[in-house]
Amino acid sequence: MKPSSHGPGRDKSDQDVVIEIGGIPIALETNDAGFLTLLRGRYGEYMRVGGKSDVKFRVELVEPDSFNPDDDAAVWLEDGEWHLERGDFRARWSPETREGLIHQAPNPYSIDSVLRITHTLLLAKTGGFLLHASSAVRNGKAFLFSGLSEAGKTTIARLAPHDATLLTDEASYVRRLNDQYLAYGTPFAGELGEPGKNVSAPIAAVYLLAKSPENRITKVEPAEATRRLLRNILFFAHDAELVRQVFESACDFVAAVPVYQLSFFPDERVWDLIG
Amino acid sequence: MPQSEKYLTKSKTVAARVLGDEVIIMSTADSTIFMLNPTGTVIWQAADGNTPLSRIIVEKLCEQFDVPVEQAATDAEDFVAEMAAHGVLVVSEEPISR
């Protein structure tokens with residue numbers, strides 16, 4: 001691994017910034033002013049300087065060609081540490097000490113992926129998850145629109161009326177707090193290219209998206225809803241216990257939140273059915 | 001020669017939940033998902049390691065679905081073989097203690 005011109009190790013120019021998504025703060029320690037600027041641009045209202053964090057990463061920047069770019073994402077637990085690797089980053093952190101290290105080139109995509117994976121690991125322990133879904137708050141309630149690529153997540157987000165607050169058009173953040181499921185805004189943007197608003201609301205429904213000549217909502221039975229939800233939950237780790245936790249989380253979620261299929265024609269009338 | 005008995009138990013490498021009248025099962029090894037129909041659900045729920053498959057067929061399947069023993073036995077054998085091949089059910093000729 002080739003370090004960049006910025007050497008490892010903390011010095012007086014190091015700065016901790018905290019990126020808080022879903023109410024879970026993750027600190028990043030870096031001495032690179034350019035990288036800090038990049039983080040500010042990327043995470044905007046989700047970012048602050050200093051303060052408490054649930055996990056703290058030291059970020060060491062390396063040259064862009066330090067890794068094999070063809071390497072797929074891999075996440076595993078070894079010797080008490082989570083290891084996160086892909087063709088553009090290497091990271092590890094300890095669930096016990098809550099400290100870790102990231103090696104990556106100075107680009108926003110790598111840190112974005114490390115944050116997403118870390119959040120999936122943190123959420124799995126508490127019944128939450130990240131879902132391939134756009135989401136929005138309307139009349140104080142959150143609605144999730146789930147599907148894989150081309151299902152219409154961004155289309156639904158683009159069609160949202162003015163009284164809807166967009167949480168994300170890409171990855172919805174679901175937490176269980178006091179037996180209630182909440183959706184949070186995330187900076188994880190899809191084709192829309194805009195971060196969601198940093199707000200949260202109780203989840204009223206999940207809509208599984210299907211494009212259609214007409215708008216129609218049909219209830220999805222619990223087992224089928226769980227199967228389809230599991231297909232859309234972001235999950236990277238090769239770890240049997242974590243798979244079990246995610247499965248239980250999906251089952252519990254479906255027992256508490258109604259899941260529908262939303263067959264929709266892509267124009268603004270679809271929102272007449274929502275909220 | 002009489003056919004030996006089969007005893008079934010749920011694999012420890014899967015997570016499962018009864019939802020409505022269906023069971024959804026997920027392999028914790030490779031995340032494969034299985035959805036059981038009502039017949040499969042009855043067999044799954046009865047797979048306690050001590051009840052022989054022949055008794056599950058007669059006392060559960062024939063009773064609940066009003067089908068002849070031969071047909072229920074064929075369906076059950078096929079289902080058990082498939083689930084065992086996927087590592088969802090563990091099958092033994094002896095009772096299985098957990």
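Analyst: Ask about the terms one by one, and each value will be set against its definition.

The model is predicted; local features need pLDDT of at least 70, side-chain atom pairs count only at pLDDT 80 or more, and totals for chains, interfaces and linings use all residues. Residues are numbered from 1 along each chain as its sequence is written, while chains are lettered from A and ligands numbered from 1 in the order in which they are written.

User: Why is A:E85 called partly exposed?

Analyst: Count its neighbours. A residue is buried with 20 or more other C-beta atoms within 10 Å of its own, exposed with 12 or fewer, and partly exposed in between; C-beta atoms are placed from the backbone. A:E85 has 18 C-beta neighbours inside 10 Å, so A:E85 counts as partly exposed.

User: Where is A:E85, and what does A:E85 touch?

Analyst: A:E85 sits in strand β6 of chain A. Leaving out residues up to four places away in sequence, A:E85 touches A:D71, A:A74 and A:R90. Touching, or contact, means that the C-beta atoms, placed from the backbone, lie within 7 Å. A:Y43 is 42 residues from A:E85 in sequence, and their C-alpha atoms are 22 Å apart.

User: What makes β5(A) and β6(A) a pair?

Analyst: Bridges do. Strands pair if DSSP finds at least two bridges between them. β5(A) and β6(A), residues 81–86, have 5 bridges and run in the antiparallel sense. A:L77 stands opposite A:W82 in β6(A). Strands here are DSSP runs of E with at least two residues; helices are runs of H or I with at least four; both are numbered from the N terminus.

User: Why do β3 and β5 of chain A stand at the edges of the sheet?

Analyst: Look at the order of this open sheet of 8 strands in chain A: β3-β1-β2-β4-β8-β7-β6-β5, with mixed pairing. β3 (47–49) and β5 (74–78) each have a single partner strand, so one side of each lacks a neighbour in the sheet. On average, neighbouring strands are turned by 20 degrees against each other, direction ignored.

User: How many residues of chain A are in contact with chain B?

Analyst: 12 residues of chain A are in contact with 12 residues of chain B. On chain A's side, α4 (222–232) and α5 (240–256) each supply at least two residues. α5(A) gives the most, with 6 residues. By class, that side has 7 nonpolar, 1 polar and 4 charged residues.

Key. Contact = placed C-beta atoms within 7 Å. Nonpolar A, V, L, I, M, F, W, Y, C, P; charged D, E, K, R; others polar. Axes fitted to C-alpha atoms, helices over the stretch in contact; angles between N-to-C directions.
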